[in-house]
2 protein chains.
Amino acid sequence: MTNSGKTESKSDKAIDRVYNYVKLYIKTNAYSPSVRDICKGAGLKSTSSVHTYLRKLDDMGLIEYRPGMRRAIIIKNSDETQEAGLPADVVRLPCIGKITAGQPVYAFEDESDSFLVNASLFGNSIIGSEDAFILKVSGTSMINAHIMDGDYLIVRKQNSCQEGDIIAALIEDEATVKRFGYKNGIPYLFPENDMYSPIPFNTEGCRILGKVVGLHRYSIY
Amino acid sequence: MTNSGKTESKSDKAIDRVYNYVKLYIKTNAYSPSVRDICKGAGLKSTSSVHTYLRKLDDMGLIEYRPGMRRAIIIKNSDETQEAGLPADVVRLPCIGKITAGQPVYAFEDESDSFLVNASLFGNSIIGSEDAFILKVSGTSMINAHIMDGDYLIVRKQNSCQEGDIIAALIEDEATVKRFGYKNGIPYLFPENDMYSPIPFNTEGCRILGKVVGLHRYSIY
DNA sequence: TCCTGATAAGAACAAGTGTTTGACACCCGG
DNA sequence: CCGGGTGTCAAACACTTGTTCTTATCAGGA
């Protein structure tokens, strides 16, 4: 109204009312409103107008509007970077696949290859899917730290670490999980299993991928 | 219609299929199925049969079935309605608080007291928040099974178990996690720590809460 | 003023869907 | 064997609701 020369100002308000009413209605009733419900709720008198706006909202990606289906509107919660449909404090982390030429390759293709974690559990150190990844444990070299074969580790990316940290590191293009420490002033990666030997940590062939901050286990024996 | 009899054997199977399919459908699609959708999903060939069952389910109080409204079924019984904003394959499980008078009390009030898990990781055994809960480990009695103090266990509810299962059980109103097994034909709950002794499992004071199917750890040392 | 585009309305159409009716098959107790 | 209850089906009916078409209103520019 106050905007001179802007006919959109009026339409924007109507489309906003439609959007907000749909959100409110679904939240209140747990099912979608019909076009005529929205008419009343948004103060529009024609189903056709509502229909137009719903299509626009669908084009904008704000809702999902199935053609012909009754009461089947879905609100697409798009928080920009935030994955659609996830609460703000939850992050989906990619599961690391293999590592070639020093560059980890993430296995995104499968839903089961990603994990949801509550970001709040890690303070503010993991707020996006860029900050961490998942590494599946293979072998029992860390069994004394109670990390078992088949466990999924949450690794927060960082390129340095402190003595005693359990870290994921790249050794000659192979990802491994060990405890970082020193012996006689020399840095080592220590397995937590007497059957294995410490690995000298020489900065040439080794790279720190990150620190293990969490663990998921779905095979309980 | 007047409820006359109680011949359940056959109808219960179909009505269960209807109920489960409606739950699944809503969980998957975020809106209700139509009667004809349910026909296909529940293996019934007549909309009329489905209609009958829906009315019965409404009478039982399991769903809310609005006369005349399309796709407006609500699952009622329900912390079971899918949490708004979560993807279909993700379930938020409540963290068990304390146990009083034999009844576990769930601590729902705090977001940090609940966990998100990918339902797909557990096959179809966990599809709703009523199927499982989270139990925080206190103590080291299961350390040999690599379950540490402070770990969070995902416990699928069930009231029986097999030898060798790691289960959560109620012993004299106290929740505990042990491995179930037999010694000399007598059932015991075995700790996985030589410092502790097996606990005889007598059905009077003991109740099985569920089986441990997953583990989350957020304190890595 | 007249035209034009945007917005909204109203009506009509068509499809999806809830509901009802009637019928058939089956089981079970007389 | 019979009759009632139950579970299912098929089809028809009627209402809800998505969709489209046409028209009305209004603001701004030539």
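1. Ground rules. Residues count from 1 along each chain as its sequence is written, chains are lettered from A and ligands numbered from 1 in the order in which they are written, and side-chain values use heavy atoms, with hydrogens and water left out. Because the model is predicted, local features need pLDDT of at least 70 and side-chain atom pairs count only at pLDDT 80 or more, while totals for chains, interfaces and linings use all residues.

2. Extent. Chain B puts 40 residues in contact (heavy atoms within 4.5 Å) with 40 residues of chain A. About 3,400 Å² is buried between the two chains, 59% of it on carbon and sulfur atoms; buried area is the accessible area (1.4 Å probe) that two parts lose on being put together, summed over both. On the chain B side, B:Tyr31, B:His146 and B:Tyr218 lose the most area to chain A, together 19% of what that side buries.

3. Polar links. The interface has 13 residue pairs in polar contact, both at pLDDT 80 or more. Such a contact is a pair of N or O atoms within 3.5 Å; within protein, one must be able to donate a hydrogen and the other to accept it, and residues adjacent in sequence count only if both atoms are side-chain atoms.

4. Strand pairing. Strands here are DSSP runs of E, at least two residues, numbered from the N terminus. S12(B) gives the largest share of the chain B side, 6 residues. S12 of chain A (residues 206–217) runs antiparallel to S12(B), joined by 3 bridges; DSSP must find at least two bridges for strands to pair. A:Arg217 stands opposite B:Leu215 in S12(B).

How values were computed:
Helix = DSSP H or I, 4+ residues; strand = E, 2+ residues; numbered from the N terminus.
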